[in-house]
Amino acid sequence: GYVAKAAKEAAQGEFMEMELSKKIDLTVDDYVKLAGLKTGALFGSAAAAGAIVGGGKPRVIKDMYEFGRNLGIEYQMVDDVLDLTGSTDEMGKPMLKDLQNNASNIVVIHAMANADAKTSNILRSAMARSAFGLGNVVELLGVFDDLGSVQYAAELGKRHANLARARLRILPKGGARRTLEMITEWLEARRS
């Protein structure tokens, strides 16, 4: 069931990503759907598998899938923020790598959706330069900061963490629930 569902959704996510890469301006809804199909499906199937192995009832298994799916979406958002604000040592990859790979990034999507024509041109120019390793990180971060895009991404990620945490209420306190709460807390700490 859930592992097959995750594999199907991951494949749908890959196809969706290829289609969206042709779009100039992604929407936040596009991004959340894509993150849910890719990272969310993988996290969701792992959480559901744990519930199945633990003898969970169908409602528990479904809630654990949704816990993992929302946690995966938040994980992707945290990764996007860190791609722009974290160090190479923290990320294990160079800063702005997502931009160089033309990957969707929630911070960029928000910025492009909220920028006026002049700021949009500045952003596109800075991102194009970053593709050649010539990007000015301070310039880009300044624009993202002015538009509130990093803050927006952090808040949206927090909302998905809270959605994930709400699904844990079905579990008894302590034990597995506490472990999953700690994983969620670790992810939130990684963002700051």
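**Salt bridges**

I began with R178 and E185, whose side chains meet in a salt bridge at 3.2 Å, N to O. The rule I used asks for a side-chain nitrogen of Lys or Arg within 4 Å of a carboxyl oxygen of Asp or Glu. This is a predicted model, so I kept its limits in mind: local features need pLDDT of at least 70, side-chain atom pairs count only at pLDDT 80 or more, and totals for chains, interfaces and linings use all residues. Residues are numbered from 1 along each chain as its sequence is written, and side-chain values use heavy atoms, with hydrogens and water left out.

I then looked up accessibility (buried under 20% relative accessible area, exposed over 50%, partly exposed in between; 1.4 Å probe, protein chains only). R178 is partly exposed at 34%. E185 is partly exposed too, at 37%. I found R177, R178, E181 and E185 linked in a network of salt bridges.

How many salt bridges does the rule give? I get seven.

Helices here are DSSP runs (H or I, at least four residues), numbered from the N terminus. D63 bridges to R59, with the closest N and O atoms 3.2 Å apart. They sit four residues apart in helix 3, so about one helical turn separates them. D63 is buried at 3%, whereas R59 is exposed at 54%. R69 and E66 form a salt bridge at 3.0 Å, N to O. They are three residues apart in helix 3, about one turn. R69 is partly exposed at 25%; E66 is buried at 14%.

**Aromatic pair**

I searched the whole structure and found one aromatic pair. Rings of Phe, Tyr and Trp (its six-membered ring) pair if their centres lie within 6.5 Å; planes under 30 degrees apart are stacked, over 60 edge-to-face, the rest tilted. The F43 and Y75 centres are 5.4 Å apart and the planes are at 45 degrees, so I logged the pair as tilted. F43 is in helix 2 and Y75 in helix 3, 32 residues apart. F43 is partly exposed at 28%, and Y75 is partly exposed at 27%.

**Nonpolar cores**

Next I looked at cores (buried Ala, Val, Leu, Ile, Met, Phe, Trp, Tyr and Cys residues joined through side-chain atoms within 4.5 Å). The largest has 22 residues, of which I106, V107, L123 and F144 touch the most other members. Helix 6 (106-114) is one of the helices supplying at least two residues. Helix 6 gives the most, with six. A second, separate core of 17 residues includes V60, I61, Y65 and L82.
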